[in-house]
Amino acid sequence: MDFDLSEEQRLLKESVDGLLSDAYDFDARKKYMAEKGGWSRAIWSKLAEQGLLGLPFAEDDGGFGAGAVETMIVMEALGRALVLEPYLPTVVIAGGLLRHGGSAEQKAAHIPAIIDGSKSFAFAQLEKNSRYDLNDVVTSAKKKGAGWVLDGEKFVVINGENADTLLVTARTKGGQRDKNGIGVFAVAANAKGVARKGYPTQDGLHAADITFTGVEVGSEAAIGDPENALPLIERVVDEARTAMCAEAVGAMDESLKTTVEYLKTRKQFGVPIGSFQTLQHRAADMFVAVEQARSMSMFATMASDFDDAKERATAVAAAKVQIGKSAKFVGQQAIQLHGGIGMTQEAKIGHYFKRLTMIENTFGDTDYHLRRVTESGGLV
Amino acid sequence: MDLAFSKEEMAFREEVRTFFRANVPPETRRKLVEGRHLSKDEMVAWWRILNRKGWGVSHWPKEYGGTGWSSVQHYIFNEELQMYPAPAPLAFGVSMVGPVIYTFGNEQQKKHYLPRIANVDDWWCQGFSEPGSGSDLASLKTKAERKGDKYVVNGQKTWTTLAQYADMIFCLCRTDPAAKKQTGISFILVDMRSKGITVRPIQTIDGGYEVNEVFLDDVEVPLENLVGEENKGWDYAKFLLGNERTGIARVGVSKERIRRIKELASKVESGGKPVIQDQGFREKLAAVEIELKALELTQLRVVADEGKHGKGKPNPASSVLKIKGSEIQQTTTELLMEVIGPFAAPYDEHGDDGSNEAMDWTAQIAPSYFNNRKVSIYGGSNEIQRNIITKAVLGL
């Protein structure tokens, strides 16, 4: 049992923290947000130069063969700086689908462009009525010759507006909620029949609602088994949840730090407001919430090594519950302790609150995952 | 980073478990499982078994009878002990006064007291709190005046746990009335059989007699019972209170109780089906299990940190342990109450000493719920813990 980072992991942390503290303060973030599509290609290139976009890929595929702990380190740093660039959809999700489900040809076709930063990806999964159930898929993929034809609608596809390639979940057979008959298809965003309606999201990212009308793809588009890709999707979404837990810990860390700083400097009644015990205890409770979240982020990260898939899923669900609760508490109290200034767009704290709020509602909220833990029989 | 215990650690866990299975008296275990109180003899008998095995004072330095275990091994031992369950060693001797004596005491004190603590030849109790000095402990008034070759101690201690069984009490006494608060306090060992000591039991809301008031009227104590230097007692008290950073979370106790909740909730019916099948109840239980898992991980982080970097600089996460640990203990007793519902009502006037076996053991559930309100008050209330986080961690 060991919670320390290895020497290599420590260096990784220093390098990503260093990059972001140089290039990603709150003012810089505003500039990046104003760029086309809402994020900075220059920063994306820097992430590529430092090897961060290639971290989880096998050395044979041009990557560094890093594991879940390395992803946790990067995501925590990205959360701390509230990074806008599409690391999660591109490296974690698309990368994960390709690593765990892609053939040698598919890996060769897509992974180099992820690693060198030339292409970004989006995961088109959410549907109008699917909410958090990954098996609830109406979008269809029908066999045509050797290839497939896709029809359907996807919603709130993060980075969907900017992505070069979409990874789309679609039903190849069975009914709306059947576990069998779900596939994942790689679709060029500019393919004929793909219509994207882009918009900014509450937390400053960009998403799109995407319609697929008779979109034809070749047989090489299907990642994994087109009739039974749900286990692959579940595995990768668990990795995304785990990564988001780490991102949330970074965002919570920074929220607490920013709030404590404010308590020390803001004066009322002639004294720093941090001298009032009511506010001190609130900040102490925020600290407790952050540490409990950090513990569960580590738990989910280390659970990726568990042999038993069910145990792994329960661990991730449990972590998402803790992170959801902690994030809500830390986010809300950070605004409260900032007072009026916390309500403004120009103060950075509100932006952390918004990102934390969106994380809770992505890939299953607190209630959803609590039910999953309950159904699994619990942790004790 | 690696969550797995090593092969050696797993083997150690098995060794500990096997020993408990073979050596904890079944009656002792049963009473703990059912939330009943143990008699003094039952506790002492078990502690002596533990001491014969060489595990009575496991975390002490080897030269005084400790085991030399790693911090992970201590963690495993405590978890297994709490989950079996078996009575934990008497904290007042083993975790509190013992370490103060071997760290600050003189050779004669070490030689005399340490083996007696290990074998529970002396039952120790703690003389810190006073009626006017709870969270503000340093305001304590009990005074010890030098008169010839002895101290004369006058004052009153309170919340003295199990003083009714005690042979010895370690007291914080004011020895320099002129000095300000924290300075001028000394750490003095007092024989409970001394003339001038009166113990008055305090009945707590659960009906039990755990705590007492201890009155000291002109109690004569030999000067040699001073530990360390005169007027330095506050330093030793801080050392003592800071010593138990990880045990306080009581993760094993809460795990055991959750198992109990599940067992009981499968038997008790509500709306024609076992309570455990009620979705609302199950979700409440799962929520506690998640909090407990987070706490366990936080505790493991602290343990691993101590193992690697020593106990010198406390991991900031350690202040989380008391707050969350006590909250979870309280929530789990609350859930037990919820399971038995209206059957929590009967009150067993003689339940406290465990002698009334005729009473259904569910009668212990309400007392346990009431009794566990103490865990967020003692050992530095949770509000004091927040003060500690505020100052030591957040720098406010």
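# Close-up views of a predicted two-chain model

**View 1. Strand 2 (residues 140-144) and strand 3 (residues 147-158) of chain A form an antiparallel pair with 5 bridges.** Strands pair if DSSP finds at least two bridges between them; helices (H or I, at least four residues) and strands (E, at least two) are DSSP runs, numbered from the N terminus. Within this pair, A:Ser140 lies opposite A:Asp151 of strand 3 of chain A. The hairpin made by the two strands has 2 residues between them, and A:Gly145 adopts a positive phi near 60° there. This is a predicted model, in which local features need pLDDT of at least 70 and side-chain atom pairs count only at pLDDT 80 or more, while totals for chains, interfaces and linings use all residues. Residues are numbered from 1 along each chain as its sequence is written, and chains are lettered from A and ligands numbered from 1 in the order in which they are written.

**View 2. Chain A contains 11 helices and 10 strands.** Its C-alpha atoms fill a box of roughly 75 × 50 × 40 Å along the principal axes. The radius of gyration of chain A, 21 Å, agrees with the value near 21 Å for a compact globule of 380 residues; this radius is taken over C-alpha atoms, and the globule rule is 2.2 Å times the number of residues to the power 0.38. Of the 380 residues of chain A, 53% are buried, a residue being buried if 20 or more other C-beta atoms, placed from the backbone, lie within 10 Å of its own, exposed if 12 or fewer, and partly exposed in between. Among contacts in chain A between residues at least 6 apart in sequence, 74% link residues at least 24 apart; two residues are in contact if their C-beta atoms, placed from the backbone, lie within 7 Å.

**View 3. The largest nonpolar core comprises 213 residues, and A:Leu167, A:Phe185 and A:Ala248 have the most contacts inside it.** Helix 7 (residues 230-265) of chain A provides the largest share of this core, 18 residues. Such a core is a set of buried Ala, Val, Leu, Ile, Met, Phe, Trp, Tyr and Cys residues joined through C-beta atoms within 7 Å.

**View 4. The contact between the chains takes 33 residues from chain A and 36 residues from chain B.** On the side of chain A that touches chain B, helix 8 of chain A supplies the largest share, 13 residues. By class, this side of chain A has 20 nonpolar, 8 polar and 5 charged residues; Ala, Val, Leu, Ile, Met, Phe, Trp, Tyr, Cys and Pro count as nonpolar, Asp, Glu, Lys and Arg as charged, and the others, Gly among them, as polar.

**View 5. B:Arg282 lies in helix 9 (residues 279-309) of chain B.** B:Arg282 is buried, because 21 other C-beta atoms lie within 10 Å. Not counting residues up to four places away in sequence, B:Arg282 touches A:Thr374 and B:Ile276. The C-alpha atoms of B:Arg282 and B:Lys262 are 9.4 Å apart, and the two residues are 20 residues apart along the chain. Chain B itself has 12 helices and 10 strands, and 43% of its 396 residues are buried.
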